[in-house]
Amino acid sequence: KWERAWCKVTAEDGTWGIGPAWPARPIAPVIEHLATHLVGEDCLSTEKLADMMFRMTKPYGSTGLASYAISAIDLALWDLKGKLLDQPVYSLLGGAQKDRIFCYATGNDVDWYKELGFKGFKLACPYGPADGLDGIHKNEAFVAQAREMIGDDCELMLDCWMAFDVEYTVRLAEVLRPYRLKWMEECLLSEDYDAHLALRARLPWQTLATGEHWYTHVPFQWAVRHHAVDILQPDINWVGGMSTCRKIAAMADGGGQNVILHGGGNTPYGQHFTYATPSSPWCECFVATPPGVPLEEAWRLPGQAAPVDGYLVPSDAPGFGLDIPEEWLEPYGSG
């Protein structure tokens, strides 16, 4: 329920780009601090500006809320760059690498997602260590029901959202092995690197994914070097923006791993990154609306593409393709 806002970056000729600034209140002072040093710089020099922001936040830490602020500015700069060069951002990243993006749906209304045409499904795991052995049995029944519903020709994943320890994850994975999970996601606390290595050693056969609560490119560099996980999942709105995600994608490509953004299909920023990036084969679409509500009504930003039958093609309009009139934007805190 934190306030949402936008970061707006304006060029000398009046052209502007925007990036999502959430949570607005705690990151606004960081954006103001960075802005005092960025105003007057070449707005097309996105690599330089990203490096400046990474270093300028070092006195108070570049992770967490500072990383959210950097992401907002960086994405606004990429939007501005696309508009100035009259190109969609995916063209600036090297052009479309795939004809369309395979999307999977996240949530537990699997029957509705199947009706919408999705062929990939990620469940939110309902029980954890506090529920004991009974919780493991209930998790198995939950996953078994989903597998029966979608059949053998669809992909199934499980999101654990930092709720487990190594022992519980291993026990649950063994029980769920017959249901052929494509991956288990974010089973452990994000900062516990030793636990990630222990889990990798205990579960060599299970595809593991994590990263939405890692900030900057540094933890991903560690994960690739140590083969800690198979799929890297930065959030482009949190990790440092497009510039940081490009670094992570290059690391993954060199290490033979994939990048599947957290919520990548829910934002034009993630859509453009995925469309242009070889190491990023899929987009996640978190379906926040109730069953019966069409997806095009759930994607409310004007100009943003929505998945159709489980696939998505981003807008080819300049920048990230958002069709937001400038008069919709007013100074933060003014109303």
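Modeller: Let's start with a pair of residues: W6 stands opposite P20 in strand 2. Keep in mind that this is a predicted model.

Biologist: OK, and how many bridges join strand 1 to strand 2?
Modeller: Six, and the two strands run antiparallel. Strand 1 covers residues 5-10, and strand 2 covers residues 16-21.

Biologist: Which side chains of strand 1 point to which face?
Modeller: They alternate: A5, C7 and V9 point to one face and are buried.

Biologist: Switching to helices. How do helix 2 and helix 3 cross?
Modeller: Their axes come within 11 Å and cross at roughly 170°. Helix 2 is residues 46-56 and helix 3 is residues 65-85. Since angles over 145 degrees count as roughly antiparallel, helix 2 is roughly antiparallel to helix 3.

Biologist: Which residues make that contact?
Modeller: From helix 2 you have T46, L49, A50, M53 and F54. Helix 3 brings I70, I73, D74, L77, W78 and K81. By type, the contact residues divide into eight nonpolar, one polar and two charged.

Biologist: Now the inside. How many residues are in the largest nonpolar core?
Modeller: It has 74 residues. Those with the most contacts inside it are F118, V143, L158, L172, L232 and M242. There's also a second, separate core of 27 residues, which includes A5, V30, M56 and Y68.

Biologist: Let's pick V143. What is it in contact with, leaving aside neighbours within four places in sequence?
Modeller: L123, L156, L158, L176, Y179 and L181.

Biologist: Is strand 5 largely enclosed or open?
Modeller: Strand 5, residues 155-159, is largely enclosed by the rest of the structure, because four of its five residues are buried. Five bridges join strand 4 (residues 120-124) to strand 5, and these two run parallel. In one of those pairings, A124 has D159 of strand 5 as its bridge partner.

Biologist: New topic: where is R180 found?
Modeller: In the loop between helix 7 (166-176) and strand 6 (183-185). R180 has a relative accessible area of 43%, so it counts as partly exposed. Leaving aside neighbours within four places in sequence, R180 is in contact with R147, D152 and L156.

Biologist: And how far is R180 from E155?
Modeller: Their C-alpha atoms are separated by 8.5 Å, and the two are 25 residues apart along the chain.

Biologist: How covered is helix 11?
Modeller: Nine of its nine residues, 268-276, are buried. H272 is in helix 11, and H272 counts as buried because its relative accessibility is 0%, under the 20% cut-off.

Biologist: Which residues does H272 touch?
Modeller: Not counting residues up to four places away in sequence, H272 touches P88, V89, Y90, L93, P314, S315, G319 and F320.

Biologist: Last one: where is S279, and is it buried or exposed?
Modeller: S279 is in the loop between helix 11 and strand 10 (282-286). At 4% relative accessibility, S279 counts as buried. Setting aside neighbours within four places in sequence, S279 is in contact with A249, A252, D253, Q257, N258 and V259.

Conventions. Residues are numbered from 1 along each chain as its sequence is written. This is a predicted model: local features need pLDDT of at least 70, side-chain atom pairs count only at pLDDT 80 or more; totals for chains, interfaces and linings use all residues. Side-chain values use heavy atoms; hydrogens and water are left out. A nonpolar core is a set of buried Ala, Val, Leu, Ile, Met, Phe, Trp, Tyr and Cys residues joined through side-chain atoms within 4.5 Å. Buried means under 20% relative accessible area, exposed over 50%, partly exposed in between (1.4 Å probe, protein chains only). Contact means heavy atoms within 4.5 Å. Axes are lines fitted to C-alpha atoms, for helices over the stretch in contact, and angles run from 0 to 180 degrees between N-to-C directions. Angles under 35 degrees count as roughly parallel, over 145 as roughly antiparallel, 65 to 115 as roughly perpendicular and the rest as oblique. Ala, Val, Leu, Ile, Met, Phe, Trp, Tyr, Cys and Pro count as nonpolar, Asp, Glu, Lys and Arg as charged, and the others, Gly among them, as polar. Two strands pair if DSSP finds at least two bridges between them.
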